[in-house]
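Dear colleague,

Here is the structure that I promised to hand over, and my notes on what was found in it follow below. Please keep the sequence open beside them as you read.

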Amino acid sequence: MELQTLTFIVVGLTFALYMGIAVWARASSTGEFYAAGRGIHPVANGMATAADWMSAASFISMAGLIAFQGYDASLFLMGWTGGYVLLAMLLAPYLRKFGKFTVPEFIGDRYYSQTARIVAVICLIVASITYVIGQMKGIGVAFSRFLEVDFTTGLFIGMAIVFFYAVLGGMKGITYTQIAQYCVLIMAYTIPAIFISLQLTGNPIPQLGLFGSVADGTPLLTKLDQTVVDLGFSQYTAQKGGTLNMVLYTFSLMIGTAGLPHVIIRFFTVPKVKDARSSAGWALVFISILYTTAPAVAAMAMLNLANTVQPGPIAAADGALEYEARPQWFKNWEKTGLLTFEDKNGNGRVEYRKGDTNELKVDRDIMVLANPEIAKLPNWVIALVAAGGLAAALSTAAGLLLAIASSISHDLLKGIFKPDISEKGELLAARISMAGAIAVAGYLGLHPPGFAAQTVALAFGLAASSIFPALMMGIFNKRVNNTGAVVGMLTGITSTLVYIFWFKGWFFIPGTAMAANNASNWFLGISPEAFGAVGALLNFTAAILVSKVTAEPPEHIQHMVEDIRIPKGSGGATGH
Amino acid sequence: MSTQDTSGMAYWKANVRLITICLVIWAVCSYGFGIILRPMLSGIAVGGTDLGFWFAQQGSMIVFLVLIFFYAYKMNQLDRQFDVHED
């Protein structure tokens, strides 16, 4: 069957599945809309969390990042998984015991301060919006590349799907669709990886193949090191960046992950405190299946690419691939602009080198998207990759939109402006906020602002420097009071934002950067993306110092903290 | 009520001790073996590269998983021991 027809069928089937779930899992109360009625089994929640967490970037871009950065990109692997250890031990069980609906609500109650709650809402909205723009772009790209549908049309289709199940079902609908989306995306990711691993190393398990050997008996990674060094690049397995930066970058991603509201609220959906602990483990099981496959895909795809464009020795005049003899996948991806060849020396050969003589530009996304074609897999696998990329983008977008919508309807409207709103009124407000959030996200997807590419720095920087410390101190330090928390959060955000803007331009406006964004200008070699960890440290320090010199929190707050520390007495959703 | 309070305190202390142990292992395996101590481990070969690379791209994630389930298991025991478990 024609690839495009097949892709339409596969993607259409998955969409029909999501719609079916939406109709079946409608929300009838705010408890269901915000927290799926707190009846989700910990394993099911783990699966939903995995889909919620793994975005278009994880699915499409991460393996490519690793392929081109080698060892240095390990920080994404460790950083985006290590946060679950922190969630399981430092945040999720206690926040579940607290038993409310949003992250700013905990901050507002614990620090008995509307200011603290509003600061948290602002951080949440900025971090989530930045993040959701990336997903919207991913949806549009998947449609335009695989289905050859116009980008705008693709985006509208994606928005309509999310609208249907997120507005109808809230957290309940989102949870069940995320479970289905996880199944789609993990199949789409692992099937091509299994085949490539078999072809290259003879081992069907990519995780083992990565540390296995290629046909001639050389270990895969040794072979890859030699190959890229021959082309003039540095060794794949060697460290290129600074150690301090790598440690802080990893740490920022870890505490940022633990502090991202759309991830935290997933743990409000399980029935018990002990389920919140195990559910974080299950989430990491499902995430690790993809995250341990990614480095294998990266190394194998890189080796395949290098061998394709450089079949012969480097020194030989006919060592590089003849452009006229290029394979079909090469032609396909040239059309998308993700692969571009410029014959600088006019010899008709594709010379992939480091530096100015390089003639081949490879977009990192190709490493996953073109993988099945490079491995000559059947068309249905390619169709599945399209459906998988869409599942990854849609599931993350829905989770983010719910976090935004609930902080508007629950924190701002019910919490601050109209506390006497009825349950029915709040549910309606939640649905309207959700619809509004989808519209805003769609608009920003079509007209991406300059900072769209800065998702990692901005979202993780904010979550790491403001939300994570506020939550952790709220649970582990009874002495931190309202003034301390607000001063701490503002110190964390301000220092992190100023550092990011210093090198990337004020509010990311081009030309306003105070210094060129490179390692020689960075403070102690710390990149803007890694600064969230420093911001968090400043937040902790400021909050504890200020709390020491001001009055201790009132007794009922101290009792509240004692109460969330023990599992006993956790009930269902508190309607309030 | 006072016995409840002291048992709550003891429970919290036990919890914090367990978290500290887990997070030390968490840090040593990822930041330690995966990054800072990698040069020291470079002599130990694993599948065409060294142990530090394995920890950075695979091992640390396995350790994280084991840690969470270990913590969840131990906490279920502590919950019962200090009589603070649910239902």
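Contact here means heavy atoms within 4.5 Å, and by that rule 51 residues of chain A are in contact with 41 residues of chain B. This is a predicted model, in which local features need pLDDT of at least 70, side-chain atom pairs count only at pLDDT 80 or more, and totals for chains, interfaces and linings use all residues. Residues are numbered from 1 along each chain as its sequence is written, chains are lettered from A and ligands numbered from 1 in the order in which they are written, and side-chain values use heavy atoms, with hydrogens and water left out.

**The interface**

Chain A and chain B bury about 4100 Å² between them, 70% of it on carbon and sulfur atoms; buried area is the accessible area (1.4 Å probe) that two parts lose on being put together, summed over both. Of the area that chain A buries against chain B, 18% is supplied by A:Met89, A:Phe211 and A:Arg277, more than by any other three residues. A:Arg277 also forms a salt bridge with B:Asp79, with the closest N and O atoms 3.0 Å apart, and the rule finds two salt bridges across this interface (a side-chain nitrogen of Lys or Arg within 4 Å of a carboxyl oxygen of Asp or Glu).

Among the elements of chain A that each supply at least two residues of the side touching chain B are helix H5 (74–98) and helix H13 (273–309), and H13(A) gives the most, with 13 residues. Helices are DSSP runs (H or I, at least four residues), numbered from the N terminus.

**The cavities**

A search of the whole structure finds two cavities of 30 Å³ or more. On a 1 Å grid over the protein atoms alone, a cavity is a set of points where a 1.4 Å probe fits but cannot get out, and lining residues have an atom within 4 Å of a point; a volume is the space filled by probe spheres set on the points, which are joined across faces, edges and corners.

The largest cavity has a volume of about 60 Å³, and its lining includes A:Phe59, A:Tyr189, A:Asn371 and A:Val385. Helix H8 (residues 151–201) of chain A provides the largest share of that lining, four residues.

The second largest cavity holds about 40 Å³ of space, and A:Arg145, A:Phe146 and A:Val385 are among the residues that line it. H7(A) gives the most to this lining, with four residues.

With best wishes

How values were computed: 1 Å grid on protein atoms, 1.4 Å probe; cavity = no way out; pocket = protein on both sides within 12 Å on 5 of 7 lines; lining within 4 Å.
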